[in-house]
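Q: Please take a close look at one part of this model: the residues picked out along the chains. Start from the surface and the overall build, then go through them one by one.

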There are 2 protein chains.
Amino acid sequence: MTGLVRPSSTRQATEPVRQEGLRSINLELVFRHILAAPVPISRTELAAGTGLTRPTISRIVDELLAGKLITESGLTHDGRAGRPRVGLSISDEGPAGLGLDIRSDGLAACVVDLTGTVRHLAFAPSTYDDRGAPAVLAELARMAGTAIEATAAEDLTVVTATLAVPGPVDAGMVRSAPALGWRNVDAGALLRGATRHLDLPITVDNEANLAALGELYASDNTLSGFVYVSGGLGIGAGIVLDGQLLRGVRGWSGELGHVTVYPDGKPCPCGSRGCLQTYASLPAILSDDPVPPHSTPDAAVTTRADAGDPATLAALDTAGTALGIALSDAINILDIDTVLLGGAFSLLSSWLTATVRTELNQRVLTAAWAPLTVRPAQLGPDAAVIGAALTAIDQIRQHPTTWLAR
Amino acid sequence: MTGLVRPSSTRQATEPVRQEGLRSINLELVFRHILAAPVPISRTELAAGTGLTRPTISRIVDELLAGKLITESGLTHDGRAGRPRVGLSISDEGPAGLGLDIRSDGLAACVVDLTGTVRHLAFAPSTYDDRGAPAVLAELARMAGTAIEATAAEDLTVVTATLAVPGPVDAGMVRSAPALGWRNVDAGALLRGATRHLDLPITVDNEANLAALGELYASDNTLSGFVYVSGGLGIGAGIVLDGQLLRGVRGWSGELGHVTVYPDGKPCPCGSRGCLQTYASLPAILSDDPVPPHSTPDAAVTTRADAGDPATLAALDTAGTALGIALSDAINILDIDTVLLGGAFSLLSSWLTATVRTELNQRVLTAAWAPLTVRPAQLGPDAAVIGAALTAIDQIRQHPTTWLAR
DNA sequence: AGTTTTGTTTCATGGGTTGACCTAAACCGA
DNA sequence: TCGGTTTAGGTCAACCCATGAAACAAAACT
């Protein structure tokens with residue numbers, strides 16, 4: 001994995017750059033080169049790649065080694081004459097990122113190291129009907145503690161945490177998360193309180209946004225612009241353009257579930273009519289059939305579809321059509337070339353993909369000469385936790401100087 | 001006007017920064033501070049604002065003065081004790097940007113100086129039925145020559161040109177512009193050929209995109225995220241988020257005219273059904289009534305609406321509703337807070353705004369707690385030319401070093 | 001004339017570069 | 001097997017150049 005880093009030729013400083021700042025810029029440049037290298041890279045190769053001289057590279061590498069951000073990983077004997085090169089690669093010890101996720105079926109925690117490898121992944125099934133937000137976040141704080149302890153044994157230091165929540169978030173405040181029965185819950189403050197002893201900086205973000213970032217990492221940056229559609233009790237979307245998450249003015253972008261599909265269609269709890277959610281969310285696909293006890297909506301739909309239940313198949317067709325219409329709106333507006341079906345949709349993709357493609361090909365103006373990709377997400381239900389952990393560590397990946405200055 | 005500049009805390013270098021690069025970073029920082037200042041600013045104020053020391057500011061200011069990017073504009077006697085401050089402001093001589101626009105009713109050319117002031121604006125009524133792209137672009141090249149000559153007399157040097165075209169553009173290639181009857185016309189190459197003697201770097205972009213940038217400038221950066229909807233024979237949109245134009249993966253974003261409003265609605269020439277264009281474009285509002293000779297579609301609609309023609313008023317209502325639905329999709333997806341009605345819609349706004357607002361308030365999820373603004377665009381039909389000229393000059397505004405190094 | 005603030009000059013600092021020289025560790029040919 | 005060759009990497013000087021600090025000059029006010 002090479003991370004979220006995208007080259008950008010523009011440089012916009014808001015504060016002056018002094019000589020010391022110069023070193024940190026070049027240090028970050030070198031670090032990004034090491035991040036981007038698929039195999040361990042030598043000092044000389046770095047000098048050639050960055051344009052800096054060997055003495056400067058040596059200085060910087062020494063600093064990175066001292067800060068445990070990179071490691072020397074043995075010699076490369078490639079048969080050529082001369083002294084073998086010393087490989088440098090991102091350290092799998094040192095700083096790490098913690099991801100936390102409140103999923104419809106339980107709580108998840110995840111630790112990712114600097115290389116982007118998942119080092120810890122825990123899941124605890126849970127429901128939310130009977131418990132309030134403080135209890136849920138206290139439980140999550142316990143899981144965070146366990147994750148930090150477990151990875152500390154492997155010489156990892158968790159430096160930041162990101163919490164994924166199924167709903168729009170605004171500076172740590174969860175505006176509304178119907179799946180959890182939350183309204184205006186200050187999840188950031190609650191979690192900070194519950195993890196006070198850990199002293200972690202905590203960020204809260206939308207689940208679909210983080211899952212999109214997870215998929216971006218997992219794709220090794222082969223995706224340039226895509227929508228991650230997360231199906232569940234509601235429908236959310238994370239939009240990535242040019243390797244960057246599109247957050248909107250207030251961070252409430254990606255409300256695909258409330259895009260109008262049929263202007264005079266079914267009423268939606270939001271007050272509008274014909275929202276995508278009323279056709280393609282799990283409750284809509286299940287219509288009024290109750291979910292059997294000890295099962296989940298996700299499982300109920302897949303088992304019925306597998307069994308060939310005609311009502312369910314018809315509902316999936318309706319859902320796919322509606323999803324395709326909403327997505328073609330998004331693509332006409334945004335000009336992106338890939339759709340990732342995530343959340344519950346990743347399990348249902350075999351019933352949805354064809355229908356979605358049909359609608360896209362008909363309705364997206366540029367589809368005629370620029371093909372679109374529709375495929376299930378890679379990381380499945382763990383996309384959001386992993387994305388959250390990766391986001392947390394990405395701050396250090398992009399700005400290693402802040403970690404070195406700790 | 002303060003320009004497109006937005007502070008960005010991230011710094012991502014792809015090439016090493018040496019001492020000289022350091023100076024250029026700080027030079028650009030200082031230049032942006034001067035751009036952002038509403039009134040002439042002194043060296044000492046710059047030092048306080050940027051965090052650099054006065055000697056450094058003096059050095060940089062000397063360079064900017066030598067390069068004619070700024071001028072010393074007299075002393076400020078504000079009654080306080082001490083030596084009076086020497087005001088520094090953006091030069092209204094020196095580099096300038098040229099904008100060119102192929103409008104449905106004619107050709108336009110515009111020159112804007114570094115301060116963002118329009119210094120030259122010319123319009124030549126014209127139709128396209130009888131002429132091919134080469135003839136049109138040759139005419140435009142003549143207008144460019146005149147504009148450059150006229151402004152050279154005022155000590156302005158046009159350094160770049162941007163061409164606005166009503167249709168999706170891809171590296172200078174106009175994919176399709178139905179209003180002009182163009183398909184796959186390499187407008188960039190043709191214009192470069194016709195202006196070879198002027199030796200200008202030429203960019204081609206979508207008309208709605210450039211108009212959006214024009215409105216952004218004109219708003220003095222009070223807009224953070226907005227959609228500029230351009231009504232005409234078709235419907236296009238320019239989307240600005242965080243002060244930056246959203247171009248999409250291939251630069252084809254903003255195809256609002258082909259957003260699906262009624263999935264089983266009227267067929268559209270694009271092959272789909274129920275596209276916004278089939279309800280809200282000028283031809284749709286005029287339905288089948290022919291435009292009188294010596295009039296334009298724009299004028300025909302406004303005169304009929306002013307006269308209270310019931311069919312036209314009904315059509316405007318349908319158009320407003322469809323526009324509101326499509327815009328609410330865009331806002332749910334993008335999270336922006338302002339809609340600017342541009343092109344022909346700016347003339348029709350008194351009949352459209354209320355209907356659009358109604359739909360937005362019903363269909364946008366966040367409208368309940370975050371109010372939306374809907375208003376006509378400020379610059380009217382000249383938005384695109386002005387935006388094009390501003391884009392051209394904006395390269396120097398953002399990276400003055402490239403101009404100094406010429 | 002003294003004060004205050006602005007803008008400039010002078011000098012020291014410090015980072016990066018160049019270039020030279022050196023060591024380490026592989027290969028190669030005798 | 002051994003010394004020569006080749007390449008990687010480290011170390012040291014000298015230099016460049018932008019910034020910062022402090023002293024200095026300029027132009028207003030009191």
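A: **Surface and build**

Chain A exposes about 16,100 Å², and carbon and sulfur atoms supply 53% of it. Accessible areas here come from the Shrake-Rupley method with a 1.4 Å probe; for residues, only the protein chains shown count as cover. This is a predicted model, in which local features need pLDDT of at least 70 and side-chain atom pairs count only at pLDDT 80 or more, while totals for chains, interfaces and linings use all residues. Residues are numbered from 1 along each chain as its sequence is written, chains are lettered from A and ligands numbered from 1 in the order in which they are written, and side-chain values use heavy atoms, with hydrogens and water left out.

Chain A has 14 helices and 15 strands. These are DSSP runs numbered from the N terminus: helices are H or I, at least four residues; strands are E, at least two. The radius of gyration of chain A is 23 Å, close to the 22 Å that the globule rule gives for 406 residues, so chain A is as compact as a globular protein of that length. The radius is taken over C-alpha atoms, and the rule is 2.2 Å times the number of residues to the power 0.38. Along its principal axes, the C-alpha trace of chain A spans about 70 × 55 × 45 Å.

Of the 406 residues in chain A, 56% are buried (under 20% relative accessible area; exposed is over 50%, partly exposed in between; 1.4 Å probe, protein chains only). Take the contacts in chain A (heavy atoms within 4.5 Å) between residues at least 6 apart in sequence: 63% join residues at least 24 apart.

**Residues in chain A**

A:N206 sits in strand β10. A:N206 is buried, at 12% relative accessible area. A polar atom of its side chain lies 2.8 Å from the backbone nitrogen of A:A208. Beyond four places in sequence, A:N206 touches A:V165, A:G167, A:P168 and A:V169.

A:T195 lies in the loop between α5 (187-194) and β10 (202-206). A:T195 is also buried, with a relative accessible area of 4%. Leaving aside neighbours within four places, A:T195 is in contact with A:A141 and A:I202.

A:A171 belongs to the loop between β7 (169-170) and β8 (173-177). Relative accessibility is 78%, so A:A171 counts as exposed. Its phi is near 55 degrees, a positive value in a residue other than glycine.

**Residues in chain B**

B:D155 has a positive phi too, near 65 degrees, and is not glycine. B:D155 is in the loop between α4 (133-152) and β6 (156-165) of chain B. B:D155 is partly exposed, with a relative accessible area of 46%.

B:S230 is placed in strand β11 (residues 225-231) of chain B. At 6% relative accessibility, B:S230 counts as buried. Its side chain makes a polar contact of 3.1 Å with that of B:E207 (N or O atoms within 3.5 Å; within protein, one must be able to donate a hydrogen and the other to accept it, and residues adjacent in sequence count only if both atoms are side-chain atoms). Not counting residues up to four places away, B:S230 touches B:E207, B:A208, B:I235, B:G236, B:G342, B:G343 and B:F345. B:D317 is 87 residues from B:S230 along the chain, and their C-alpha atoms are separated by 17 Å.
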